[in-house]
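Reader: I am new to this structure. Could you walk me through it?
Author: Gladly. Take a look first, then ask away.

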Amino acid sequence: MLAVCPDGHGSRATRVGAVTAALDLTADPVDLTRALVDIPSPSREEDAIAAAVHDALVATVAGFTGPAADRTEVVRDGNRVLARTSRGLPTRVVLAGHLDTVPLAGNVPCRVTGEGTDTVLHGCGTVDMKSGDAVFLHLFAALADSDELAHDLALVLYDCEEIEATANGLGVLERTHRDWLTGDVAILGEPTGGLIEAGCQGTLRIRVHARGVRAHSARSWLGDNAVHRLAPVLGALAAYEARSVDIDGCVYREGLQAVRMSAGVAGNTVPDEAWLDVNFRSAPDRDTDAALAHALDALGLTGLPRVAEGETPLAEPGLSWELTDLSPGALPGLGAPAAAELVRAAGGRVRAKYGWTDVSRFAALGIPAVNLGPGDPGMAHKRDEYCPAAQITEVGRVLRTYLTG
């Protein structure tokens, strides 16, 4: 076994362990989910959970005596925790999940209702995505040193997924531990209700700037209303017909929506400035250039001045636009042998992923990736977030079947 703590976090993990109950990775994934939820980890505050997970993995791997003994590595890089086997198996599966959650809303520690097959876990992260992390951790502990394992494993648990893309821990690992992200297929533990959600949509945001001339509203003819200049853009949005496209049997529906706007300084003043944010969710058959070109054309902005980051919008009356966010989608990739095998293990239950996830990062690296995790994605980020225990058990069953061939 090789355990590395390049930033000196190993000693801190020990101190955290003194106040945080040690995680038992061999426990039922439902119980492990509860334990993970009880360690608060909103974005940028993942130190305690990263330390607990790292300590648990090191302790688990230290007990290996079978084919993974001395062929398993555990690394902590900041609040990112990695583990992998190198048993020389014919393929490698990457199990990836984020450790952070959205800010707490009085929903930690975990609360349990029901019993038996009706057991439900309530609390921040039960859906997004500590239940998925618990399944991955349990399977790594149970299978890494087992003769049943059919694929080498890489476990990638990272921080800051729920905030701006520049802070995303998986993006950091692309720079610091790129080789750990290599595999024949990557499985993201995002909530999917236990189905495989293939690929993901691309996303971009455009801020449309409108410049007018300020005037008293009683003498409006002396001004130029910046809000009114946005009327053609709003009209285009209202008339937009979203495209649906079938890719590998997964139907992706696009969407172009106004999501935010601002204007006005007083109730008796013609506004001279206004802006409108538009979000385009594109099917993954469009690359980023094609998605941007389509959005600009649909909004009637093609050929209008672009505002570069940090620049001031036009001083003269008119419209200009600024690109404020851009992330590519990911194709389903279900034709890859390892991905097709996973689909079979899941009983062929596959649908398109609506929204953007980190499968896009793996796809950009040329690695087929899917989303598969417990919990209704519609419950993510909600104050009353909850996950049925039966879904945690079922996802664990499907993945165990797949990982043991």
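**The sheet and its helices**

Reader: M261 stands opposite which residue in β16?
Author: This is a predicted model. Strand β14 covers 255–263, and 8 bridges join β14 to β16, residues 273–282, in antiparallel fashion. In β16, the residue opposite M261 is L276.

Reader: What are the edge strands?
Author: The open sheet has 4 strands in the order β14-β16-β10-β17, with antiparallel pairing. An edge strand pairs on one side only. The edge strands are β14 (255–263) and β17 (318–327).

Reader: Helix α8 makes about what angle with the direction of β10?
Author: Helix α7 (residues 231–239) lies across β10, β14, β16 and β17. Helix α8 (residues 288–299) packs on the sheet and touches β10, β14, β16 and β17. The direction of α8 makes an angle with that of β10 of about 40°.

Reader: Is D47 buried or exposed?
Author: D47 is found in helix α3 (residues 47–62). Its side chain joins that of R76 in a polar contact of 3.1 Å. Buried means under 20% relative accessible area. D47 has 18% relative accessibility, so it counts as buried.

Reader: Where does P109 lie, the residue with the cis peptide bond from V108?
Author: Most peptide bonds are trans. The bond from V108 to P109 is cis, with omega near 10°. P109 lies in the loop between β4 (92–98) and β5 (111–113).

Reader: Is D70 buried or exposed?
Author: D70 is not a glycine, yet its phi is positive, about 65°. D70 lies in the loop between α3 and β2 (72–77). Exposed means over 50% relative accessible area. D70 has 69%, so it is exposed.

Methods: Residues are numbered from 1 along each chain as its sequence is written. This is a predicted model: local features need pLDDT of at least 70, side-chain atom pairs count only at pLDDT 80 or more; totals for chains, interfaces and linings use all residues. Side-chain values use heavy atoms; hydrogens and water are left out. Two strands pair if DSSP finds at least two bridges between them. Helices (H or I, at least four residues) and strands (E, at least two) are DSSP runs, numbered from the N terminus. Contact means heavy atoms within 4.5 Å. Axes are lines fitted to C-alpha atoms, for helices over the stretch in contact, and angles run from 0 to 180 degrees between N-to-C directions. Buried means under 20% relative accessible area, exposed over 50%, partly exposed in between (1.4 Å probe, protein chains only). A polar contact is a pair of N or O atoms within 3.5 Å; within protein, one must be able to donate a hydrogen and the other to accept it, and residues adjacent in sequence count only if both atoms are side-chain atoms.
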